[in-house]
Amino acid sequence: MSDKTFYITTPIYYPSDKLHIGHALTTTMADTLARYKKMQGYDTFFLTGSDEHGQKIERRAKEAGLMPKDFVDRIVASFKQLWRALDINYSDFIRTSDERHRKVVQALFKKIYDQGDIYKSEYEGWYCTPCETFWTERQLKEGLCPDCGRPVELLKEESYFFKMSKYADRLVDYIESHPDFIQPATRKNEMLQFIKQGLEDLCVSRTTFNWGIPVPIDEKHVIYVWFDALTNYISALGYGTDDPSLFEKYWPHAVHLVGKDIMRFHTIIWPIILMAAGIELPKKVFGHGWLLVDGSKMSKSKGNVVDPLVLIDQYGSDAIRYFLLREMPYGSDGYYSDEALILRINTDLANDYGNLLSRTTSMLNKFCQGIIPEPGQAEPIDEDLKVIAKGLPKQVDEALNNFEFSAALAAIWKLINKANKYIEETAPWALAKDPAKEKRLHTVMYNLVEAIRISTVYITPFMPNTPAKVWAQLGLSEQPEVQTWESILEWGGTPTGIKINRGEPIFPRIEVKEAGSESPAAGKVKEEKKVEETKKEHPQVKDDNANVISIDDFAKVELRVAEVIEAKKVEKADKLLELKVRIGEEERTIVAGIALHYAPEELVGKKIVVVYNLKPAKLRGITSQGMLLAASLGDKLSILTVDKDVPSGAKVK
Ligand code: MSP
């Protein structure tokens, strides 16, 4: 069997409502990996779908006056519409209401029942209908559902149980002997701890609702949620049917992407079902963090649900995909805000990438008659660019194989940023003035096109629409051989003598309208009114406008949480400490005048607050990239830290 086979799945989503931007995250990750592997010549299968059964959907359908199937049909149509808009190129969409799925679930259930690993008993527990979960007395929080906080009801019913406990030791052995199985490693440890506490047998049937797959040996019961849902990953491949060819080919290469909340189901229940059925386990399960809005999970009641279709409409699918993949830190939670999205678009896409293309094509028109020139005279500085390009295949590959999407993009952006710097360093406009430097000019311009070509191939799986625009501008649309993974492994694949077609900016900057700036006059009136209101509410505010700032002024200062990873004294400066801090994935150096108040070792590991967008300044020859916040009065000084453990990089506002 070829090693170059790849099977990637997303969770199957509940069609109880429209999907939000958090759901779009998992699917974008899966789509990017599938496209990336395809680009590398892998035979790839990408599965997504919908998890349609259960009491909650049955109730929602009833409320809407529809049969459950008609109700879910409408919502599933909206899923597919979203995936089209987001350029999600799945190989198959499985619905748990599909007949092909029912057959496999029933056969699997029967097989496990026949071998004695499913038995009938009675279940009593506290049931949360919205979450479709039974809880034990101990798990409830103040008598309410520990997940959603809503009331629960005590239910008792005859049920079938799956002997999970029988397989617990085997699962622990498997997880410990397959260190890549659960990622990130922190989640692996969490899961191991959970299993080692002891597993209870799992209730796998219900009689309290009808909208589900009947238990094959007892039609009063329907198969309960996880046994039904998880099986989608193999039913879609035809496991146990007359044609198991897809299963045989792809299953040994399975990678499941899921959110952290459903890790337990995928790394405990699912592997045990597979073990009981004698099926090998998936290769990897990766649990990503949540995308939070205003610091919390999206919910209708909080009114903070972000609709990805609206954003795609406004900013385009590639920009949304880029934001999701770039902004999500590895394995932990990320934050959505309109400001963060616009910042990414304006900085990374418009300024860095878009501008590189725009400047290069403009200079090609001005200095090279719009033709990609033959490179001539090389100089050592060219090597800086080539070295970065040379290191990229390994870096990007490692990052993506470890689900570090943001790190992969950061590595690609190093090349883009280096190319922008190369323009400043080589100053093509100066070379163009001197006919004796024509060969050098041609080399520089060639290298710039090559850097754009290479970075564009890399970004293709992340942003599938943008490359076509770049190829059109570079005159390379008809040259598919220079758009491939193989073509970027060596420097110099761009053909010469090609006529370019400079076009519109590929990522126009988003103009951010100041609040209340319909017209400057209207803005001023509003500003004065605000000051008046502030004075009324806070009489201590002096009759001196200079002291009062608007919320927009405050918003200009970007404050972030940073984790101190190293600290040392600055030589010959009694008051200064040099700190190395981590802000999200970035590391920065900050020089702070706190040496009289803190010993360096006291600071390491602390989460502090820093001004993130302060212009860097040199202090004693060290560039300080930000400023930490501290409260001081007289000779007392205390640095600001955060009250709860929020991830570094979190915004402070
Ligand atoms: N139907 C089950 C999955 C069964 S898989 C065999 C389910 N569905 S869901 O629609 O509620 O959630 C699907 C996925 O979306 C989960 O992985 C969940 O973690 C993810 N997300 C839901 N909200 C999210 C965010 N705000 N951010 C990131 N992912 C989020 O669970």
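## Exercises on a predicted model

Strand β2 (residues 43–50) pairs with β3 in the parallel sense, over 4 bridges. The model is predicted. Work through each exercise with the structure in view.

**Exercise 1. In which order do the 6 strands of the open sheet lie, and which are the edge strands?**

Step 1. β1 and β2 pair in the parallel sense over 7 bridges. Here Tyr7 stands opposite Phe45 in β2.

Step 2. Write out the order: β3-β2-β1-β12-β13-β7. The pairing in this open sheet is parallel.

Step 3. Name the edges. They are β3 (92–95) and β7 (182–183), and each pairs on one side only.

**Exercise 2. Is Thr9 buried or exposed? Find what Thr9 touches.**

Step 1. Locate Thr9: strand β1 (residues 5–13) holds this residue.

Step 2. Look at the strand. 9 of the 9 residues of β1 are buried, so β1 is largely enclosed by the rest of the structure.

Step 3. Apply the cut-off. Buried means under 20% relative accessible area. Thr9 has 0% relative accessibility, so Thr9 counts as buried.

Step 4. List the contacts, leaving out residues up to four places away in sequence: Leu47, Tyr233, Val255, His256 and Leu257.

Step 5. Pick out the polar one. The side chains of Thr9 and His256 are joined by a polar contact of 2.8 Å.

**Exercise 3. Which residues stand opposite Arg582 of β17?**

Step 1. Take strand β16 (residues 559–569). It pairs with β17 in the antiparallel sense over 6 bridges. Glu563 stands opposite Arg582 here.

Step 2. Take strand β18 (residues 586–592). It pairs with β17 in the antiparallel sense over 7 bridges. Glu587 of β18 stands opposite Arg582.

Step 3. Check the turn. The hairpin of β17 and β18 has 2 residues between the strands, and Gly584 takes a positive phi near 65 degrees.

Step 4. Check burial. In β17 (residues 577–583), 5 of the 7 residues are buried, so the strand is largely enclosed by the rest of the structure.

Conventions: Residues are numbered from 1 along each chain as its sequence is written. This is a predicted model: local features need pLDDT of at least 70, side-chain atom pairs count only at pLDDT 80 or more; totals for chains, interfaces and linings use all residues. Side-chain values use heavy atoms; hydrogens and water are left out. Two strands pair if DSSP finds at least two bridges between them. Buried means under 20% relative accessible area, exposed over 50%, partly exposed in between (1.4 Å probe, protein chains only). A polar contact is a pair of N or O atoms within 3.5 Å; within protein, one must be able to donate a hydrogen and the other to accept it, and residues adjacent in sequence count only if both atoms are side-chain atoms. Contact means heavy atoms within 4.5 Å.
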